[in-house]
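Here are some notes for a colleague who is opening this model for the first time. Please keep the sequence and the structure in view while going through the points.

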Amino acid sequence: AEYLPGDEYSVDCIAARGECLIAVPRKRTRIVNGISAAGEFVQQDSIIAYCAAIIAALRLDGNIGLQVRQAASGEFLLLEINPRVQGTISAGLGAGINLPLLAVKLALGWPVAPEEWNVQWGTKFSRYWAELFYH
């Protein structure tokens, strides 16, 4: 197995019978117990093309999550495929895109406005958890 020393990305995708309609890479800058605690939405064309090729080869459909990491050679390689909504997909709301809603609209045949596909690339996010005490 090859050691992958580079950055890790989660990529939220919407697919339609093997066609990648959108792929939204999130650079994982801080990970806590396997969950993205901080990151940045990055328009990395090589990751987007790689994920689209995987989706086409496997003819995936719906919300798809892929995780990739950069090899020493610079190429991105697959770590895992999640044929479902990923846990941090809600961070996309901060970057102006609601991927679960888009998938539902597509499945129901409802119209999707062009601006609903826009991602505010470069948006960064941080997630915090805290205990709540009550009586």
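1. Strands (E, at least two residues) and helices (H or I, at least four) are DSSP runs, numbered from the N terminus. The model is predicted, with local features needing pLDDT of at least 70 and side-chain atom pairs counting only at pLDDT 80 or more, while totals for chains, interfaces and linings use all residues. Residues are numbered from 1 along each chain as its sequence is written, and side-chain values use heavy atoms, without hydrogens and water.

2. R17 is found in the loop that joins strand 1 (8-16) to strand 2, and its phi is near 50°, a positive value in a residue other than glycine. With a relative accessible area of 59%, R17 is exposed (buried means under 20%, exposed over 50%, partly exposed in between, with a 1.4 Å probe and protein chains only).

3. N33 lies in the loop between strand 2 and strand 3 (35-41), where its phi is likewise positive and near 50°; at 78% relative accessibility, N33 counts as exposed.

4. The six strands form an open sheet in the order 5-4-1-2-3-6, with antiparallel pairing (two strands pair if DSSP finds at least two bridges between them). The edge strands, strand 5 (76-82) and strand 6 (124-126), each pair on one side only.

5. Strand 1 and strand 4 (residues 62-70) pair in the antiparallel sense over eight bridges, and Y9 stands opposite V68 in strand 4.
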